[in-house]
Amino acid sequence: EIVDRNKSPLAANGTLYQLGVIPGQLGDGEDKESRIKAIAKQFDLTEKAIQQALDQSWVQDDYFVPLKIVEPTADLPTGASIQETAGRTYPLGEAAAQLIGYVGDITAEDVEKDDTLASNGKIGRSGLEAAFDKELRGKNGGKIAITDEKGTERKALIETKKTDGKTIQLTIDAKAQKIAFDSLKDQAGSTVVTEPTTGDLLVLASSPSFDPNKMTNGISQEDYDAYHNNKDLPFISRFATGYAPGSTFKTITAAIGLDNGTINPETVLSINGLKWQKDNSWGDYFVTRVSDVASVNLRNALVYSDNIYMAQQTLAMGEDKFRAGLEKFIFGEELDLPIAMNPAQISNDKSFNSEILLADTGYGQGELLINPIQQAAMYSVFANQGSLVYPRLVMGAETKTKKELISPETISLINEDLKAVVTDENGTAHSLAALGLPLAAKTGTAEIKEKQDEKGQENSFLFAFDAQNQKYLMVSMLEDRQENSSATALAPELLSYLSENYN
């Protein structure tokens, strides 16, 4: 089985209820037709599928012919029957589907690849069910022996000991996982929560999702088509998909600039208006911001989330110093996790090749691609006095730390500003102040568009952590957020749960 940090089941061996028919009880002629029709209607089957099951060569009148897994009911049409059977169940259903995955029947193709498989068994088809398939399955055993007429064994000719499958315990908190998923409200998005001092991944939620119980126990074509045709792609793992992180990344840019001495937190930049460009060489390209604040220091830049301030500071820093700071993090690295993902990237090429791209990268856009797991790992420096703790998903697994990527003095200064993002009435995460929690946070919006002057898709981000005890850190995102919606607006219930249970 797969269980969470508290040993609550995430993939369990439980009791399922198999719907079937007893051919001899269906009758003949019109009676048989009407009874098949009644079974099909009640249990969302086609008459053709039931008839195909009945036409199998092994079927006899008094046999139970299985059709599908159903919820137990006493209201059964004539000819139908329900039997208990053992099978794989997923208690969290949609809330952990992309992470846990599902199992399916072993096929002839599977046996060709691995002749130790039993043709009547199950195999992991996706997620951790597939990643840990061999550990979870164990190994079949048996023996061929000579016995006497009483059945007493005289000699074992061949014997193979069976090996039971292992239970995999994850660092995930099932309750937090469910709250995080439900909070996304079926919108395209993801939430990752870590215990930043240990690297434990507490939540890996992706929305919209699918029901792994249906995938394992027999999904109807109609249900599968609904998943397949959903434009928001419920099968993809958004927590492992790379995005431009938007303004949450200003925390990293600021930390690099403070450490290399190119940013002075007290220096005030005079900025006029909501758009800016370095000079005419930028053509019709401008960096834009939301709030028209004339005098901006680092604290204001983080509280108001000022793109122009961060663009100007990144240009003043220069590519060499900026990239040297970024490369201390985990860009280009493969993380030791049983989850498929591409390494985080700074840019498509080894150089930015333009001042515009350098400026855009400074405030979290450009060609940055960082998935929410990688973001949470990078932002762990703010909860660990400048050290980066790598994420882990399996309890007891070794993790590692990159010591003092950023100086403790810099971290202390930025964290005070991130607290102000919540407590200052002008802060972009001020709505979280109503929770009364000791939070530090940074919001972000990454805009994806073809042209400068058009309205593009906006991805909304929230990075928040426990500023008092550093017990939890979250990165949440909404893809193509709609008006009056944001990752910050969806966060309160999960943050309240984390504060109550991790302090």
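Predicted model: local features only at pLDDT ≥ 70, side-chain atom pairs only at ≥ 80, totals over all residues.
1. A crossing of two helices is called left-handed if the near helix is turned anticlockwise from the far one by less than a right angle, and right-handed if it is turned clockwise. In this structure, H10 passes H16 in a right-handed crossing. The contact (heavy atoms within 4.5 Å) is made by Thr251, Ala254, Ala255, Leu258 and Asp259 of H10 together with Thr410, Leu413, Ile414 and Leu418 of H16. By class, these residues are six nonpolar, two polar and one charged. Here Ala, Val, Leu, Ile, Met, Phe, Trp, Tyr, Cys and Pro count as nonpolar, Asp, Glu, Lys and Arg as charged, and the others, Gly among them, as polar.

2. Residues are numbered from 1 along each chain as its sequence is written, and side-chain values use heavy atoms, with hydrogens and water left out. Helices (H or I, at least four residues) and strands (E, at least two) are DSSP runs, numbered from the N terminus.

3. Two packed helices are described by the angle between their axes and the distance between the axes. Axes are lines fitted to C-alpha atoms, for helices over the stretch in contact, and angles run from 0 to 180 degrees between N-to-C directions. H10 and helix H16 (residues 408-423) pack at about 140°, with axes 10 Å apart, and are therefore oblique to each other. Angles under 35 degrees count as roughly parallel, over 145 as roughly antiparallel, 65 to 115 as roughly perpendicular and the rest as oblique.

4. Helix H10 (residues 250-260) also packs with helix H12 (residues 307-317), at an angle of about 40° and with axes 11 Å apart. These two helices are therefore oblique as well, and H10 passes H12 in a left-handed crossing. Lys250, Thr253, Ala254, Ile256, Gly257 and Asn260 of H10 meet Asn307, Met310, Thr314 and Met317 of H12. The residues of this contact divide into four nonpolar, five polar and one charged.

5. An open sheet of five strands has the order E11-E10-E20-E19-E18, with antiparallel pairing; two strands pair if DSSP finds at least two bridges between them. Which strands lie at the edges? They are E11 (200-207) and E18 (439-448), each pairing on one side only. Within the sheet, E19 (residues 457-466) and E20 (residues 473-478) are joined by six bridges, and Phe463 has Val475 of E20 as its bridge partner. Helix H15 (residues 372-379) lies across E10, E11, E19 and E20, running at about 145° to E20.

6. Side chains of opposite charge can pair when their charged atoms come close. The model has 24 salt bridges, each being a side-chain nitrogen of Lys or Arg within 4 Å of a carboxyl oxygen of Asp or Glu. One of them links Arg137 with Asp133, whose closest N and O atoms are 2.4 Å apart. These residues are four apart in helix H6 (residues 133-137) and are separated by about one helical turn.

7. Most residues other than glycine have a negative phi, and most peptide bonds are trans. Ser305, although not a glycine, has a positive phi of about 60°. The peptide bond from Ser207 to Pro208 is cis, with omega near -5°.
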